[in-house]
Amino acid sequence: MENILAKHDLAGGYCNSLTAYSRYLTREVKIGDIALGGYNPIRIQSMTTTDTMDTLGTVEQTIRMVESGCEYVRITAPSIKEAENLANIKKELRFRGYDVPLIADIHFTPNAAEMAARIVEKVRVNPGNYADKKKFENIEYTQDAYNAELSRIYKKFVPLVKICKEYGTAMRIGTNHGSLSDRIMSHYGDTPRGMVESAMEFIRMCEDQNYYNLVISMKASNTQVMVQAYRLLVETMAKEGMNYPLHLGVTEAGDGEDGRIKSAVGIGTLLEDGLGDTIRVSLTEDPEFEAPVAKALADRYSKRSLELGVQSFESHAKVPTPNSQLPTYSPYEYNRRITTPVQHIGGHHHPVVMIDVSKENLKDPYFLNSVGYHYSAGLDKYNLADQACDLAFLGDHLPSFSFPGNLKQVYNYAAWLKLKQKNNCHPLFSLEEFIKADQKDELLNFVEIDATQLTSLTINQLTSLVLILKTSAIHGMAEQRAFFVALQEKNIQVPVIIKRTYQDVDADHLMLYAATDLGALLTDGFGDGVWIDAEGQNPSLINSTSFGILQATRTRISKTEYISCPSCGRTLFDLQETTQLIRSRTDHLKGIKIGIMGCIVNGPGEMADADYGYVGTGPDKITLYRGKEVVKKNVTTAYALDELIDIIKGDGNWVEKN
């Protein structure tokens, strides 16, 4: 055996270490009386959904948000009148004894930003639409023409910078994947690099004015793009001697279980590598439900620092050139690890889902309903759901009924040896058992291995083998990642199922932790399957979480994806109600992505890569999109969903519900 961590205690181009947990040290920024970045804890924030002109409604919601754990509260200011009313909101909050720092959210309107910067503790501007424009035009720029555009933007942006300096107001430069300007899109394309350069242009303008009270974000609804953009941002800032704090968030994550899993995949992946100074979880729910999710994610890393008993911060100056020590692995682009398939595992097959059913009633075929196999007694057959697991672990126990043929059975090696009928049944070995075993399955063998160990197994021994990679480390994701890197360096192409075990964790935390731990690896192209081991939890929860993680990482699509914004004061309809209505009629359209946006600000741009879009464009008016193309404008809300379904049908993408 060899300890692979000893050889791979490496730093990434964007973080302190790829194997040891270490918070990345950033500049401290004061936002009111609550400092962000530096040695401060990860801060929690959210955004109001009320009309900003509704002073009392906004104040009441802000108080509920603070009580739920928000340390900062963001409020939209789409025009000068809303910006001015922030003073009334702030005054009422202070009168009631709430000193929570307020953040004004600005799109398109520099005059509103300049007014808000005199009132609140922080303003958020989006480089894609603050002084730039987006009409989905591809423009050919000469270098002189490009520089002229930057000069024009500089003149419009600098007045805000000067006001922020004068009033001690912080600023978030918040790039969104879906709202990159035509100028950036034409020059860099729809890429993480384009997102980074969009922000860097504005950062450089601020620094030219000697203004450094900045927080930066790189949000996207696509978790792969979001993670890559943040990493690239840190690496780019470090090269220019910058270390501004990071605001983390997956934009338009959605609602319910899907929204929580998607947020945890994107945010958690970055937190694992020590990145992130403040979190906003964007759910299509009331904002007071967002803070507890964000806090659950953040608290895990405060606890981890204490458990590891190490200094949790290191200087950004220690970051080396990216990939200099990891030639087989790039954190800035998605490339699935190359494997040789064994049966339907690895290669170009989508990642598989493995579930432990050994504690279930193996005399009752109906228990398989919870993992996607619906048994019909009258027909004595199974109907498969879109989220039907691929592998069932039975340990040492035998079922008293016939399993569906699509579901492979996995037994402990000793139990497998005793099986009279081994068809569709496969053994799970310990590493020692596998090395010593005389009898093995001709088609498929599973070998459980700890991430701290990589043996000198020969290529011949790896035939018909799938590894089950486990870890007991506190910082387990990094330990497992190091194992994958070692496999790549040795050019070992055996498929690997990632296993994580959770004890004494409730359902909500299990969902968030598993999405972080497994999602972080899948986002980087590691893993040919997942196995969430959580004794006492319902197999249905484990199954849906497993498929949810694969969906959120874009590695296996098993259901409709909804890219829905979290609502704010700009929203023109009830987002929660509308999302549920659209979901009720389209949730059977496997693989289709539908964007549901409350206003034109979060419209065609923010939907990013959605196939279809449903966007509020006025009172009782909806505009429908195919990708980024307007198909029907200003449809009355009562008819809009039917019209959307007609568009989907016309494209040949509709199937009837079973």
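Modeller: An axis is a line fitted to C-alpha atoms, for helices over the stretch in contact, and angles between N-to-C directions run from 0 to 180 degrees. Helices (H or I, at least four residues) and strands (E, at least two) are DSSP runs, numbered from the N terminus. The model is a predicted one, in which local features need pLDDT of at least 70 and side-chain atom pairs need 80 or more, while totals for chains, interfaces and linings use all residues. Residues are numbered from 1 along each chain as its sequence is written, and side-chain values use heavy atoms, without hydrogens or water.

Colleague: What makes α10 and α14 oblique to each other?

Modeller: Helix α10 packs against helix α14 (residues 507-523) at an angle of about 60°, with the axes 10 Å apart. Angles under 35 degrees count as roughly parallel, over 145 as roughly antiparallel, 65 to 115 as roughly perpendicular, and the rest as oblique. The pair α10 and α14 is therefore oblique. Val293, Ala296, Leu297, Arg300 and Tyr301 of α10 meet His509, Leu512, Tyr513, Thr516 and Asp517 of α14, where contact means heavy atoms within 4.5 Å.

Colleague: Why are α9 and α10 called roughly parallel?

Modeller: Helix α9 (residues 256-272) and helix α10 (residues 290-308) pack at about 30°, with their axes 10 Å apart. By the limits already given, α9 and α10 are therefore roughly parallel to each other. On the α9 side the contact is made by Arg260, Ala264, Ile267, Gly268, Leu271 and Glu272, and on the α10 side by Val293, Leu297, Arg300, Tyr301 and Arg304.

Colleague: How do you know that the span of helix α2 agrees with its number of residues?

Modeller: The expected span is 1.5 Å times one less than the number of residues. For the 13 residues of α2 (residues 55-67) this gives 18 Å, and the end C-alpha atoms are 18 Å apart, so the two agree. Among the buried residues of α2 are Thr55, Val59, Ile63 and Met65. Their cover includes β4 (43-47), β5 (72-76) and α3 (80-95). After α2 comes Gly69, with a positive phi near 125°.

Colleague: Why is Ile582 called buried?

Modeller: Buried means under 20% relative accessible area, exposed over 50%, and partly exposed in between (1.4 Å probe, protein chains only). Ile582 lies in helix α16 (residues 575-586) and has 1% relative accessibility, so Ile582 counts as buried. Beyond four places in sequence, Ile582 touches Tyr562, Ile594, Ile596, Tyr614 and Leu641.

Colleague: What makes Ile216 count as buried?

Modeller: Ile216 belongs to strand β9 (residues 214-219), and at 0% relative accessibility Ile216 is counted as buried. Its contacts, leaving out residues up to four places away, include Ile173, Ala199, Tyr230, Met237 and His247. Tyr244 is another of these contacts; its C-alpha atom is 6.8 Å from that of Ile216, although 28 residues separate them along the chain. Of the 658 residues of the chain, 63% count as buried.

Colleague: Over which residues does pLDDT stay under 50?

Modeller: The pLDDT, the predictor's confidence in each residue from 0 to 100, stays under 50 over residues 1-11, which have 38 contacts beyond four places in sequence. Over residues 314-327 the pLDDT is also below 50, and this stretch has 34 contacts beyond near neighbours in sequence. Where pLDDT is low, the predicted coordinates should not be read in detail. The mean pLDDT of the chain is 89, and 90% of its residues reach 70 or more.
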